[in-house]
Amino acid sequence: MTGLFNYPKRKLRKLITQGEYEQAIELGNELESKFSQDPDFLFIMGSMFYILNDEKKTLHYLERVLEINPYDVESLSLKLRVYQYLKQDDVVIDCCRKILDVAPDNFEVRDLISELESKDSSNI
C-alpha cells in the first residue's frame with residue numbers, strides 16, 4: 001500500500017493547501033531532521049510560514065534553501081517579498097540582482113530594481 005506517508009512532502013503540501021497549518025507545522029517539525037538539506041522541503045516550510053505572516057520563520061527556511069542554492073529563483077523571490085514588506089530596500093535590491101543573474105529576462109524584477117534604485121538615488 002502506497003499512501004501519503006510514503007510521500008511526506010506531498011502530505012505536507014496537502015495539509016497546507018487544506019489550511020491545516022497546525023498539523024502541517026507538526027508534520028514539518030517531525031520531518032525536519034530527515035529533510036534538513038532538502039531545498040524543496042525547506043521551501044515548502046518557508047512558504048507555509050509566509051502564508052502565516054511569520055517573517056522570521058519564513059526567512060529562516062529561505063536562508064537555509066539559499067545556503068544550498070544561492071540562486072534559487074523561487075526562494076529569492078519569496079525573500080524579496082518578505083523584505084519588501086519589511087521595507088528593507090537594500091536586501092530587496094540584492095535579491096533582484098541575484099534573480100537577474102539567473103533570469104535576465106525577468107521584467108517584473110528588472111522594473112522593481114529600477115524603481116528602487118531610482119528611489120534610492122532621489123533620496124541622496
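Colleague: Is Arg13 buried or exposed, or does the residue fall in between?

Modeller: First, the basis: this is a predicted model, in which local features need pLDDT of at least 70 and side-chain atom pairs count only at pLDDT 80 or more, while totals for chains, interfaces and linings use all residues. Residues are numbered from 1 along each chain as its sequence is written, and side-chain values use heavy atoms, with hydrogens and water left out. Buried means under 20% relative accessible area, exposed over 50%, and partly exposed in between (1.4 Å probe, protein chains only). With a relative accessible area of 37%, Arg13 is partly exposed.

Colleague: Which residue forms a salt bridge with Arg13?

Modeller: A salt bridge is a side-chain nitrogen of Lys or Arg within 4 Å of a carboxyl oxygen of Asp or Glu. Here the partner is Asp40, and the closest N and O atoms are 2.7 Å apart. Asp40 belongs to helix α3 (residues 39-51) and Arg13 to helix α1 (residues 8-17), so the bridge ties together parts that are 27 residues apart in sequence. Helices (H or I, at least four residues) are DSSP runs, numbered from the N terminus. Asp40 is partly exposed, at 30% relative accessibility.

Colleague: How many salt bridges are found in the whole structure?

Modeller: The search finds nine. One of them joins Glu117 and Arg97, at 2.7 Å from N to O. Because Glu117 lies in helix α7 (residues 107-122) and Arg97 in helix α6, this pair ties together parts that are 20 residues apart in sequence. Glu117 has a relative accessible area of 33%, and Arg97 one of 44%; each is partly exposed. Elsewhere, salt bridges with shared partners join Lys9, Arg13, Asp38 and Asp40 into one network.

Colleague: What separates Lys98 and Asp94 within helix α6?

Modeller: The two are four residues apart in α6 (residues 89-102), which means a separation of about one helical turn. Lys98 is partly exposed at 26% relative accessibility, as is Asp94 at 34%.

Colleague: Which buried residue has no salt bridge?

Modeller: Asp72 is such a residue, placed in the loop between α4 (55-68) and α5 (73-85). For charge, Lys and Arg count as positive and Asp and Glu as negative, with His and the chain ends not counted. The nearest side chain of opposite charge to Asp72 is Arg13, 11 Å away. Contact means heavy atoms within 4.5 Å; leaving aside neighbours within four places in sequence, Asp72 is in contact with Val65 and Leu66.
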